[in-house]
Amino acid sequence: MNHKKTILVLLAALLFLATGIQARARKTLYPVVFAHGLSGFDNLLGYFYFGNDFGTFVGDPCDEFLETTCNGKISSSQRALAASVTPFQSSEVRGTQLADRIQNYMTTTGATKVNIIGHSQGGIDARKAAAVLRARYGRQVVHALISVSSPHRGSPTAKYILDLGPGVTSVIDALAKLFGNTIYGSGNDGIAAAKQLVYNDYSSTDGITTGMRAYNANYNVNSANAAYYGSIITAQDSINTNPALYLLKEGFYNIDGDGFCTDDCDNDGAAGRGDGIRGNNDDDGLVGINSQQMGERLQYNEWAFSFDTITVNTSLGYVSNLNAPSSAQMTSKSSVVSQDHLDVVGIPPDTFDEEEFYASILEFIVTKGG
């Protein structure tokens, strides 16, 4: 009898493990829109944005017979849109374009609301898109708004690029070398893109107020625009570093991104002040951790024998005013995903499972009613 019980327990354990391995995210109530960051929609260092290491879109469900180039970790009936906006532009422009793409998608599919997952500048664009859509429809259109690696309070990299010298050529060339030659396409504006991602207004003489401080005041965390706000924070370590970002770090400086002060008191382009220790895994190569929290800080939990999960880090609280986070919200390394800025959108080489990462975000959105 004891042997039979042991066998039954082992079989149950194996069944549990098998179920965990085969688990997939449930279908979200509303479609999910993926909003890309700075640079090309389908050519970020030669790779597809929001893809796995082989170029498969992480929001593509396996909904055709024997389909293999898809994400088998999401529901086969999941609805998703990989939205494309001008690669190099301000979020004032890109946010309106994103709203246009979403409105067209809703008209075509009959969806009444959407969820948005935005990486880098895409998470910033999403806030304006949510405001524009609310104004157009006269109601809340975005349910969950999740940002990944977004510089909500600016990036020192943007200021560094602008500081390269006078004239447009130096800025555009720097962006082209870093992100690809899509910047030379029609409608792109490298200066506007870089000025957007500096915390303070970069130039007081150009007649235009730019920068994340002013943008945040206009498009802050607002429950009228989206029902839920959450953010995932990334910071590279010595193992998970993309060669392009490593060369960037070695070429000019390593962002010191875990200090606190009101506004940008050290004038590095991002709110906060570094703690003086540059190489302590406080940035993802482009954005410091002091810039990334919006709304709730989310924790990505990786499990070897079951489906990965997203949970809320309740100890750090909620960032409702993007220009006034607490010291802990700007400096804590708690719940930081140890990946660089490019690993999380499918730019190899890396060991990151992009398909399960975004599947876990979709499952989390389901738990939030989206």
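Predicted model: local features only at pLDDT ≥ 70, side-chain atom pairs only at ≥ 80, totals over all residues.
A residue counts as buried when its relative accessible area is under 20%, as exposed when over 50%, and as partly exposed in between (1.4 Å probe, protein chains only). Residues are numbered from 1 along each chain as its sequence is written, and side-chain values use heavy atoms, with hydrogens and water left out.

- Helices (H or I, at least four residues) and strands (E, at least two) are DSSP runs, numbered from the N terminus.
- Helix 3 covers residues 121-137, and its end C-alpha atoms lie 24 Å apart, in agreement with the 24 Å that its 17 residues should span at 1.5 Å a residue; the expected span is 1.5 Å times one less than the number of residues.
- Ser 120 sits in the loop between strand 3 (114-119) and helix 3, and has a positive phi of about 55° although it is not a glycine.
- With 9% relative accessibility, Ser 120 counts as buried.
- Just after helix 3 comes Gly 138, with a positive phi of about 75°.

**Aromatic pairs**

- There are 11 aromatic pairs in the structure; rings of Phe, Tyr and Trp (its six-membered ring) pair if their centres lie within 6.5 Å, and planes under 30 degrees apart count as stacked, over 60 as edge-to-face and the rest as tilted.
- Phe 34 and Phe 57 form an edge-to-face pair, because their ring centres are 5.2 Å apart and their planes stand at 80°.
- This pair ties together parts that are 23 residues apart in sequence, because Phe 34 lies in strand 1 (residues 32-35) and Phe 57 in the loop between strand 1 and strand 2 (80-83).
- Phe 34 and Phe 57 are both buried.
- Phe 357 and Tyr 358 are also edge-to-face, with ring centres 4.8 Å apart and planes at 75°.
- Phe 357 is buried at 0% relative accessibility, and Tyr 358 is buried at 1%.

**The ring cluster and Phe 50**

- Ring pairs link Phe 34, Tyr 49, Phe 50, Phe 57, Tyr 300, Phe 352, Phe 357 and Tyr 358 into a cluster.
- Phe 50, in the loop between strand 1 and strand 2, is buried at 1% relative accessibility.
- Most residues other than glycine have a negative phi.
- Phe 50 has a positive phi, near 55°.
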